[in-house]
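Subject: Structure for you to look at

Hello,

Here is the structure I said I would pass on. My notes on it follow below.

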Amino acid sequence: MEKMKRILKKCLILLIFPVHVIITLLRDFEPGYLVLMILLMLFADFVLSALQMELFTSRRNSIRVFAADYLPYLLEKCAIIAVEWLIMHFAVGEQGDLYSEEFGIWILFGCALITMLASALVTFAAGAARTMMYHDEKR
């Protein structure tokens with residue numbers, strides 16, 4: 001059971017995929033709704049990233065150890081981006097004109113992509129800073 005929990009915790013960021021799918025299915029492209037959905041995606045991504053990378057509870061004392069934990073997380077993020085792009089490309093098709101529903105879905109996907117990349121960058125910076133602070137405390 002403990003091994004299963006550990007495996008699930010290492011793949012926690014994969015839960016962002018269903019969140020993105022649900023948000024895309026519940027779409028309504030009014031400006032206020034779009035901003036709310038982008039903020040929800042950003043918040044969910046940061047929470048899942050912090051939980052998976054144990055940003056606030058880890059006691060890593062080396063950047064190498066952190067980088068070894070960060071690499072699978074980054075690969076999972078890249079896999080999610082690739083799968084979402086394939087789904088969007090084959091399910092939605094071309095972008096269409098500026099006022100079409102397909103264009104709005106592509107905008108939502110672009111925002112999801114940007115939030116995922118931003119959260120990966122912030123997660124790396126926060127985790128590296130936390131690791132360096134713990135390393136300094138340990139000395």
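Of the 139 residues of the chain, what percentage count as buried? The figure is 32%, where buried means under 20% relative accessible area with a 1.4 Å probe and protein chains only.

This is a predicted model, so to speak of local features pLDDT must be at least 70 and side-chain atom pairs count only at pLDDT 80 or more, while totals for chains, interfaces and linings use all residues. Residues are numbered from 1 along each chain as its sequence is written, and side-chain values use heavy atoms, without hydrogens and water.

The chain has five helices and zero strands (DSSP runs, H or I of at least four residues for helices, E of at least two for strands, numbered from the N terminus).

The largest pocket holds about 230 Å³ of space. A pocket here is an open set of points on a 1 Å grid over the protein atoms alone, where a 1.4 Å probe fits, with protein on both sides within 12 Å along at least five of seven lines; lining residues have an atom within 4 Å of a point. The volume is the space filled by probe spheres set on the points. Its lining has 16 residues, with H20, V21, T24, I87 and M88 nearest the centre. Helices α2 (16–25), α4 (63–92) and α5 (101–138) each supply at least two lining residues.

H20 sits in helix α2 and is buried, at 3% relative accessible area. Leaving out residues up to four places away in sequence, H20 touches M41, E84, A112 and M116 (contact means heavy atoms within 4.5 Å).

Regards

Notes: Buried < 20%, exposed > 50% of the residue type's maximum accessible area, 1.4 Å probe, protein only.
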